[in-house]
Amino acid sequence: MGILEIHNTCKAFGGVQALQDVSMSIAEGRITALIGPNGAGKTTLFNVITGVDTPDVGTIFLAGHDVTRLRPYECARLGILRTFQRSMPFGDMTVLENVISGGISVSRLGSWGGMRRTARHKEVLGQDRVKAEALLKRVGLFERREMPAHSIAYGEQRQLEVARALACNPRILLLDEPVAGMSPEESLEMARLITTIAAEGLTIFLIEHNLDVVMNLCDAIYVMNYGQIIATGGPSEVGANPKVIEAYLGKRGTGRATG
Amino acid sequence: MAPRSPEACARVWGITALCVVLALLPWLVNPFRVRVFTLTGIYTIAATGLTLFMGFTGQISLAQAAFFGIGAYASGILMIAGLPFPLAFFAAGVITAVFALSIGLPCLRARGFYLAMATLGFMLSTTIIFKNAASLTGGVSGLGGIPPASIGPVSFETFIPYYYLTWAVVAAVLYFAQHLTTSYSGLTFRAIANNELAAESLGMNAYMYRLLSFAICASLAGIAGSLYAHLDRVIAPESFTFEESVIFLTMAVIGGLTSIYGGLIGAMVFTVIGEQLRSFERGQVIIVGTILIVMVIFLPRGAVSLPRTIAELVRRARRNRKPRGR
């Protein structure tokens with residue numbers, strides 16, 4: 001059984017069936033990708049998993065816990081963390097404050113901590129700061145730590161979002177198009193980051209249009225179209241699946257799926 | 001540790017100078033003025049509450065004068081009933097927080113105009129209740145015979161001791177606000193104000209934080225109301241109207257929503273200007289309105305941002321003076 005189990009989930013917006021009987025199982029410690037044409041329902045699925053939207057039908061389990069009807073902050077506290085398609089740093093805060101704030105809900109101080117300046121509080125505050133700085137070093141933003149988050153480059157903002165999510169102790173990290181809009185160098189940097197955090201045992205579930213990244217990075221792939229899962233398997237299996245080629249290139253397409 | 005930014009520098013000097021001036025003030029001016037400056041302190045507390053709420057959540061509350069009134073009547077009625085001042089003062093804060101939670105629970109799920117409308121409705125109905133619940137509030141003629149404030153054997157009956165008591169509360173409130181904004185709770189509030197969706201996806205409960213900051217906002221208005229009730233020891237409904245709410249709102253905006261000192265500066269600017277312009281009578285409103293418009297245009301971050309704005313202007317002027325090219 002996977003760490004994240006999605007059973008027969010449906011979600012409609014008005015007359016549009018965004019998710020139709022979606023079931024999947026995300027294996028722990030692996031990198032799983034979700035691909036599909038625009039409007040296939042990928043981001044809706046992320047929203048349903050993270051509690052932003054509630055499914056009409058179906059259940060979602062994280063490591064055996066039913067998380068179907070939880071609010072976003074409750075999902076996050078259980079370890080379902082995500083980044084967004086459009087980067088959303090806390091622009092007015094410094095880069096370091098962004099990462100520290102990501103860790104508040106799991107800090108030993110609790111969110112009202114730091115109100116009292118006892119020695120123990122100071123110690124925990126220090127530990128949280130060290131943890132945040134270590135995360136910034138990992139994503140290569142340590143030199144930027146005192147800058148306001150809105151002033152750093154786009155690619156750096158995306159890395160910052162990953163660091164901020166990591167600060168919240170994820171059990172599974174959902175990345176919505178992590179390399180979209182990035183330069184080839186930035187994409188490579190991000191792919192390397194994803195590989196290293198996955199190598200440490202964190203489960204990664206990502207949406208991506210860049211099929212080079214998907215094919216090289218991922219252990220398993222789900223393909224969605226019109227709100228349904230149309231194919232699943234390893235990279236080579238999915239790449240050869242005629243249904244996938246059809247969804248991406250149209251009915252008469254015969255070329256490679258990596259176009 | 002040396003302060004680095006011009007703002008930090010201005011803050012340290014400003015606070016030191018302010019403390020000295022405030023401590024000496026009662027001995028330099030006539031008793032009538034002491035009462036006015038006590039009133040400034042009381043307004044500061046209520047405006048600080050509003051600053052925290054609006055700055056943290058970006059919402060508007062039009063009910064601050066209602067909470068101010070509830071605090072005043074609660075404190076007055078409880079003391080007439082025989083409770084000692086510290087208990088009545090504390091109760092005023094708690095009762096207003098309970099009222100705030102009961103409006104906030106349904107309204108803070110929605111955002112923006114809904115809360116503004118709900119608080120407006122609450123404000124208008126509260127004034128009517130103050131006027132008509134005569135058995136409890138004394139009706140339109142007001143509630144008189146409120147006992148003077150005292151803590152144990154220390155009485156605050158005259159203006160000068162009461163002035164010090166009020167400003168001691170102001171200091172405590174600002175100290176609390178300082179801790180609230182610099183701790184993790186402050187970081188959480190800023191995160192939610194920056195981007196609620198991102199904050200929620202990091203485990204922050206935005207709704208609960210909005211509710212809490214609304215309760216804190218109301219509670220500060222409540223204790224300010226309690227201090228107000230024992231200042232003249234008579235209160236009347238016309239002190240707690242929608243217009244008063246707008247004045248609190250104006251103080252918060254004039255002072256600046258980005259700093260905990262915004263409420264203090266707003267209340268000072270407002271009362272000082274108000275006093276200076278007393279002789280203009282009706283014209284006063286026009287002049288205050290004009291100042292407000294000018295400030296919103298040229299100092300959108302409030303009076304509190306004046307040092308930074310000046311520093312920026314100086315820096316720009318210097319840069320322009322440098323010869324171009326090398």
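Predicted model: local features only at pLDDT ≥ 70, side-chain atom pairs only at ≥ 80, totals over all residues.
Ala171(B) counts as partly exposed because it has 13 C-beta neighbours inside 10 Å. By the cut-offs used here, a residue is buried if 20 or more other C-beta atoms lie within 10 Å of its own, exposed if 12 or fewer, and partly exposed in between, with C-beta atoms placed from the backbone. Ala171(B) sits in helix H7 of chain B, residues 159–182.

Residues are numbered from 1 along each chain as its sequence is written, and chains are lettered from A and ligands numbered from 1 in the order in which they are written. Helices (H or I, at least four residues) and strands (E, at least two) are DSSP runs, numbered from the N terminus.

**Where the chains meet**

Let's go to the interface next. On the chain B side, 18 residues are in contact with 28 residues of chain A; contact here means that the C-beta atoms of two residues, placed from the backbone, lie within 7 Å. Helix H8 (184–194) and helix H9 (196–200) of chain B are the elements that give two or more residues to the side touching chain A. H8(B) gives the most, with seven residues. By class, that side of chain B has seven nonpolar, nine polar and two charged residues. The classes work like this: Ala, Val, Leu, Ile, Met, Phe, Trp, Tyr, Cys and Pro count as nonpolar, Asp, Glu, Lys and Arg as charged, and the others, Gly among them, as polar.

**Helix pairs**

Axes are lines fitted to C-alpha atoms, for helices over the stretch in contact, and angles run from 0 to 180 degrees between N-to-C directions.

| Pair | Angle | Axes |
|---|---|---|
| H3(A) and H8(B) | about 105° | 10 Å apart |
| H3(B) and H11(B) | about 110° | 7 Å apart |
| H2(B) and H12(B) | roughly 140° | come within 7 Å |

Angles under 35 degrees count as roughly parallel, over 145 as roughly antiparallel, 65 to 115 as roughly perpendicular and the rest as oblique. H3(A) and H8(B) are therefore roughly perpendicular to each other. Glu97(A), Ile100(A) and Ser101(A) of H3(A) make that contact with Leu187(B), Thr188(B) and Ala191(B) of H8(B). The class tally is three nonpolar, two polar and one charged.

Within chain B, H3(B) and H11(B) are also roughly perpendicular to each other. Here Gln64(B), Ala65(B) and Phe68(B) in H3(B) meet Glu244(B), Ser245(B) and Phe248(B) in H11(B). These residues divide into three nonpolar, two polar and one charged.

H2(B), by its angle, is oblique to H12(B). Their crossing is right-handed, where right-handed means that the near helix is turned clockwise from the far one by less than a right angle, and left-handed means anticlockwise. Among the H2(B) residues that meet H12(B) are Val36(B), Leu39(B) and Tyr43(B), and the H12(B) side includes Gly262(B), Gly263(B) and Met268(B). By class, this contact has eight nonpolar, eight polar and one charged residues.

**A covered helix in chain A**

Helix H5 of chain A (residues 154–166) has 13 residues and reaches 19 Å from its first C-alpha to its last, close to the 18 Å expected at 1.5 Å a residue. That expected span is 1.5 Å times one less than the number of residues. H5(A) is mostly covered, with 10 of its 13 residues buried. Charged names turn up among them, including Glu156(A), Arg158(A), Glu161(A) and Arg164(A). The buried residues pack against strand E6 (80–82), helix H3 (95–102), helix H4 (119–138), strand E7 (172–176) and helix H6 (184–199) of chain A.

In the loop between H4 and H5 of chain A you'll find Arg144(A), which counts as buried with 20 C-beta neighbours inside 10 Å. Leaving aside its neighbours within four places in sequence, Arg144(A) is in contact with Val95(A), Ile152(A) and Glu156(A).

Asn8(A), in strand E1 (residues 4–13) of chain A, has a phi near 45°, a positive value in a residue other than glycine. Arg233(B) has a positive phi of about 60° although it is not a glycine, and it is found in the loop between helix H10 (206–232) and helix H11 (242–255) of chain B.
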